[in-house]
Amino acid sequence: MELQKMLDDQFESEVHFSQIGLTFFRHFPSLTITLDELFIAGSAPFEQDTLLYTKQLDLGVNIPSLFSDNYKVDQLYLNEAVIKILRDNKGLSNFDVLTPSSDRKESDTTSSSLELEIEGFFLKNSHFLYQDTSLDMICEARGIDYVGGGDLADDILSLGSDLEIQEFRLIYEDFAIFDRNRVTASLQTRINTESTELTFVRNELKINELPVNFVGKLEFLEGGYDMNFVLESFNAELKDMLSVIPTELMPNLGQTSIRGTGDIVGSFQGLYLPEQDQMPALALNLQVRDGYLEHESASTPIENLRLSMNVMVPDLDPNLTRVDVDSIGFSLGNGFLKGNIHLAELNPMKLDSDLEAKLDLGILNEALGTESLDFSGKLDLNLTSRGQFVSSKDPKSLREPKYITSSIPVFSFSAGLSEGYFKWTELPEAIKDISIDLSINSPDSLPEHIGIDFKKIHFQVLDQVTDGYFAYNKNRDQAIDGKIKSSFDLADIPKFYPLDSGFVLRGMINMDLLAKGNFNKEQKTIPIIAADFSLIEGLIQTPYHPEAIKDLSMVLKMQSSSTSYSDLKFEVQPIQFNFANNPFTLTANIENLNDIRYDLSSKGKLDLGELYKVFGDSDMSVDGYLITDVNLKGLQSDATNGRIQNLKNQGTIEVENILVRTQLLPQPLRLEKGNLEFNQDKISFENFLFGYEKNEIKADGYFSNYLGYLSNPEELLKGSLVFHSPYIDLDDFAFFGESNEGEIDSIGEVSGVIVPPLNMDVMVNASVDSMKFGELKLKNFTGEINTKPGQLSLNKTRFEIIGATVEMKGNYMASTPFSAKFDYQIDAKEFDIHRAYEEIPLFREMASFAKYASGQASLSYELSGRLDANMEPVLPSITGAGTLGLKAIKLKGFKLMNSIAKETENNELEDPDLNDVEIHTSIANNLMTIPRTKIRIAGFRPRFEGQVSLDGDMSIGFRLGLPPLGIFGIPIKITGNAEDYNMQVGKVSKEDELVEVIDENENQ
């Protein structure tokens, strides 16, 4: 079929249709070729998706062309079409389907052919979808009726058209900019079919009732777009402007009288090339003048509504957002709102604002015609702000970034609400009699000087009343003055607050709080406190779990009749509940923070994973269960001073499959199975199984000072452990881990160092059958490891490496993920020197000649230095001294030594044997210094001295003492490196000395 052949020639993707017809009558006077069920597939990687489908495609053939050799198709009709334009995160799109003109088959000039010269283009009841995952944007139009005409010349399709869309949606990052809006438009567009550049020459649109002019250009580039869009609507009616707002936000627009005018100007300009970090800029200007809104049931309108706002988002970077509301305001009866807001960037964020409001919220509710909410009350509000919000990462936060606010604007905020009322219209009850008097002030930029004063808090739900006041001023020694009393039934919450289906709550809550005074940690003073909180007959059922937390009750009391730490009493009587037929109870009495007197008991089962599911926690970072049967009673000072006879601490906690997350490790630690036994001042355990990644550990031992550790963050958990593991991969314990390297701006991707616990003082006797650390492979590790905050100390440690037994002691210190310090002393006897070169990276740096050596050696050395963020030694930081002993060494192919033999014409020096040689060295500033060292080779008495850098450079003075006694000798100077060196007869001069490299970051 000639048409199918033409389509196959024009398109690279799949094209097919069900049948073809021919008629003069459908679009007279054109001869109409009809294709039913036409389908065009997208280009890679969207071959399985649709680019175009139409129930019926009509091609109008120009009748005069029937009498020529070229049949011209000048009209195109699509009925119930589906058009999809898709683009993925890699910048690949689905519309690159046309065969390049250079690859198309040459037409047979001896027969007639079809030519596309579209003068009329028609869409009826069609659907268009543009989805770009790289922009996270969806543009969709349904119910499209389109009439367009134009011509295709030199690969440029010029279209003039009229458009009507029944439903139009534009969604960016899940935010609906337009949603189900009706659009009509008169358009002038040029499309470059080769470069796929779209130019919107003149476009007059109406979105719902808002007239808009739209011009711009969109060019598809490799990996992105070049875009320049401008949207304008000047002197538009305010009613038309509001018509484009999603119906959910203004459902009563049709029943509201609206007057006023405004302007909208928006632009979206620049390159979108995400792989090159280039983004366009977004700008929006919005003006509203003389606005008037009055719902049909309102007695008082909103008048004099005004808004002057500019929004700029350079490079689509939220951190660079600038919002300038030069003026905002309206009047409402005798009330008003007026002010301005200026916000520049996010961190630091400049906030200069003045806002004042005196409003009757009931009148505002009527004027807006709000249906879903009913609210009223007298509102007074004032805000002035000048300055910057500045936040920075808390240096104490290691893994999960936590931010602290270091500077705030100078501001004053006050809000008063009286006779307040709030009710969801779908619910039977309201929150009523709301009365709030709040002021928050900051006299300067220091966050610690903020003062908060709730002079009044009052509201009522049903017959349950909450009433009180609360003031806190950190600038005045953390002064606290508060009194709050409240009671309400959890079962009443669905009566005044809309809960999702599946929630069932029950239980009576009563709260009575009185606090007055200052909290000063240094002086150990607290406010006078009388606080009671109770929940009885509670039940929590959620849609996230079939089981409910039942029989929930708790009674909490806190009292202090004076300002002294010693007078504080905290009582839990008790907390208890039943979950999945597992009851649990916790009772506690704690007194005197200076010397804690405690009386705690717990009994029951906690299935932690299932409990987290009840509250909809999808992050299953907590799993497993605890079974408790514990009674703890005593005085903290008795525990710390060894007066064990005064303690009554007994009981057990059974642990199984608990996942524990810590800032120090990239993955959770598994507490697989074990029992914790409380016995006076210790928590003991036996055969406790731990797991981390592929590492399995069995431990016995105890912890002490657990009360101090739990009550004071500065106290250390102490103890003694014995653990054994068949295999430990220390790389797994790097802060970021090999499989989850951290990206650090200044140093790239790093694994991080191992950070020791920061709050433990524990002695560990360890035995590990096999251990891996980078390239190092150790066996039969035994020894003592003592943990101090941020430090590990090794003592009496032994292990096997490269077939030899090594004794070692030392220290390792790290408090951040990016650097560590170490010092150690190592003794290794009778090891294979060549194997050491092959398997130990640092030995390769210190003894490069070992590459050509075989035989037995020994090493006694002390080293200290620094590790970088990949746990690699920073060579300029290394200092130390020691001795390398060569017992019976054969050098083979050592270029330097063989060159000396050649130059001095002494073959006995080639591939020599070295016996009972001790080489003393010291290391500092990237240089190893070798003092004068004598050796014997055959009848010769060579000696050498000098410097070798840890990067491989050297400056060595060599003297070849000649037989028989070495009294006469040949001086030789060796410079360069082991592979490319210079050798001369003579002595090393001052100019030959190597340059030291100072560790500039030694204090890290």
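Which strands do the buried residues of helix 10 pack against?

**View 1. Helix 10 and the strands that surround its buried residues.** The model is predicted, so that local features need pLDDT of at least 70 and side-chain atom pairs count only at pLDDT 80 or more, whereas totals for chains, interfaces and linings use all residues. Residues are numbered from 1 along each chain as its sequence is written, and side-chain values use heavy atoms, with hydrogens and water left out. Helix 10 covers residues 895-904, and because 7 of its 10 residues are buried, this helix is largely enclosed by the rest of the structure. Helices (H or I, at least four residues) and strands (E, at least two) are DSSP runs, numbered from the N terminus; buried means under 20% relative accessible area, exposed over 50%, and partly exposed in between (1.4 Å probe, protein chains only). The buried residues are Leu896, Met897, Asn898, Ser899, Ile900, Ala901 and Thr904, and they pack against strand 51 (953-961), strand 52 (969-977) and strand 53 (981-985), where contact means heavy atoms within 4.5 Å. Glu905, which follows helix 10, has a positive phi, near 55°.

**View 2. The salt bridge between Glu140 and Arg142.** A salt bridge is a side-chain nitrogen of Lys or Arg within 4 Å of a carboxyl oxygen of Asp or Glu, and the structure holds 39 of them. In the pair formed by Glu140 and Arg142, the closest N and O atoms are 3.0 Å apart. Glu140 counts as buried, at 8% relative accessibility, whereas Arg142 counts as partly exposed, at 41%.

**View 3. Asp263 and Arg289, a salt bridge between two strands.** The closest N and O atoms of Asp263 and Arg289 are 2.9 Å apart. Asp263 is buried, with a relative accessible area of 13%, while Arg289, with 30%, is partly exposed.

**View 4. Lys887 and Glu830 joined by a salt bridge.** The side chains of these two residues meet at 3.3 Å, N to O. Because Lys887 belongs to strand 47 (residues 879-891) and Glu830 to strand 45 (residues 819-832), the pair ties together parts that are 57 residues apart in sequence. Lys887 is partly exposed, and its relative accessible area is 47%.

**View 5. A network of salt bridges.** Lys694 and Lys772 are linked with Asp729, Asp731 and Asp732 in this network.
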